[in-house]
Amino acid sequence: MEHASYEHHQPQNSVVIPGQLIAVSRDGEEESSFLRGHGTYIEEDNATSGSSGSQTILRASVTGTIQRVNKLISVIPLAVHRYEGHVGDLVVGRIVSVGLNRWKVQLVPHQQSAILPLSGVHLPGGVQRMRTQQDAREMRQFLTEGDLVSAEVHKTLGDNSSLQLHTRSTRYGKLENGCWIQVPPGRIPKRKQHYVSNFMQGQFDILLGCNGWIWMQRATSKTASAASGTTTLTATTTARKERSDSNLMDDDDDNGGDQQLEDTAVLVGPELAELQEAQRAQHAASPYSGDERKALARLRNAVECLRLGGCIPITVESIERVYQYSLEQQWTPTDLLHPNHVVTLTNTLLFAKK
């Protein structure tokens with residue numbers, strides 16, 4: 001078997017599959033020597049024609065990217081199935097049990113559940129107060145077994161084996177009326193923003209959990225902009241604003257009217273929490289149309305296509321490219337999962353990166 005010269009070995013960050021050649025070290029050639037790292041194995045080749053001495057061949061044992069540190073060569077797996085939480089991670093989990101002043105949340109199957117304390121949840125209306133025994137008795141009115149929630153890692157306990165979560169921000173909480181899909185945690189790179197609202201020209205809201213759980217739904221802004229929703233939300237906001245403005249002097253009718261229009265667009269504190277809760281309630285109660293259901297199925301299968309491909313990081317950019325490519329090819333949502341189409345899309349994205 002003929003091997004490539006050292007100059008043609010796989011470069012840094014190249015994607016390799018199990019058994020693929022990474023490097024060759026020849027006896028007596030210091031410049032071609034290497035050290036074997038994780039994700040690789042060594043194969044001896046003593047009977048290579050046309051060469052003197054033996055060769056040591058380094059091959060990948062997992063699918064991943066090559067990492068070189070001086071002479072140490074490792075392969076970092078793309079599909080890391082174990083999640084190691086860090087403070088600030090945005091995660092999606094499922095409530096598995098309700099205990100004393102806390103919920104247990106499953107983040108990854110076959111790993112220890114995380115803890116969501118009662119003091120770490122967002123109370124209805126954005127009320128800031130101490131949790132009472134009444135709140136403890138009514139915990140299942142907030143979250144119950146089987147509910148999906150979005151949360152943030154508040155702290156790590158012990159040797160990073162247990163996590164404590166919180167949902168005190170209005171961005172987090174119970175997830176309803178959408179689609180959930182699971183991918184290996186290692187396929188989702190860490191970013192500053194893991195929640196993207198009005199994704200795909202305002203069609204969807206998507207949340208890429210650092211633990212590999214992805215939630216997607218119709219954009220809540222679309223629900224809130226419906227005729228009935230706009231009337232309800234505007235009436236609530238206007239009434240609240242009128243109560244606030246009743247204590248202010250009206251020096252200039254024109255300027256006061258303009259100022260009122262500007263102020264109604266900016267809500268903070270309990271008012272903002274109440275408005276967002278109303279939007280979530282409307283979203284949860286509003287059924288999907290046929291076109292919305294088909295679009296959400298296409299988005300879900302775009303993520304599944306990337307998961308099956310196995311070598312493309314799952315980001316909002318890669319999801320959007322797969323989604324748009326399927327539209328250009330006039331594929332149905334089901335066509336995205338055809339093996340030939342998965343290979344085609346994977347190759348298209350890989351060559352586009354190069």
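Entry 1: Is S74 buried or exposed? I kept in mind that this is a predicted model. S74 has a relative accessible area of 11%, so I noted S74 as buried, the cut-off being under 20%. I found S74 in strand β7, which covers residues 72–77. Then I looked up its partners, leaving aside neighbours within four places in sequence: S74 is in contact with G37, H38, T40, T65, I66 and Q67.

**Entry 2: the largest pocket.** Next I asked how much space lies in the largest pocket. I read off about 930 Å³. I found 34 residues lining the largest pocket, and T170, Y172, G173, K174 and R280 are the closest to its centre. Sorting the lining by class gave me 14 nonpolar, 14 polar and six charged residues. I also checked which elements supply the lining: α7 (269–285) gives at least two residues, as do α2 (139–142) and β13 (173–175), among others. The largest share is from α7, with eight residues.

**Entry 3: a helix pair.** Last, I turned to α8 (residues 290–309) and α9 (residues 316–328), whose axes come within 9 Å and cross at roughly 115°. I put the crossing of α8 and α9 down as right-handed. On the α8 side I listed A295, R298, L299, A302, V303 and L306, which meet S318, I319, V322, Y323, S326 and L327 of α9. By class, I noted nine nonpolar, two polar and one charged residues in this contact of α8 with α9.

Definitions and conventions: Residues are numbered from 1 along each chain as its sequence is written. This is a predicted model: local features need pLDDT of at least 70, side-chain atom pairs count only at pLDDT 80 or more; totals for chains, interfaces and linings use all residues. Side-chain values use heavy atoms; hydrogens and water are left out. On a 1 Å grid over the protein atoms alone, a cavity is a set of points where a 1.4 Å probe fits but cannot get out, and a pocket is an open set with protein on both sides within 12 Å along at least five of seven lines; lining residues have an atom within 4 Å of a point. Grid points are joined across faces, edges and corners, and a volume is the space filled by probe spheres set on the points. Helices (H or I, at least four residues) and strands (E, at least two) are DSSP runs, numbered from the N terminus. Ala, Val, Leu, Ile, Met, Phe, Trp, Tyr, Cys and Pro count as nonpolar, Asp, Glu, Lys and Arg as charged, and the others, Gly among them, as polar. Buried means under 20% relative accessible area, exposed over 50%, partly exposed in between (1.4 Å probe, protein chains only). Contact means heavy atoms within 4.5 Å. Axes are lines fitted to C-alpha atoms, for helices over the stretch in contact, and angles run from 0 to 180 degrees between N-to-C directions. A crossing is left-handed if the near helix is turned anticlockwise from the far one by less than a right angle, and right-handed if clockwise.
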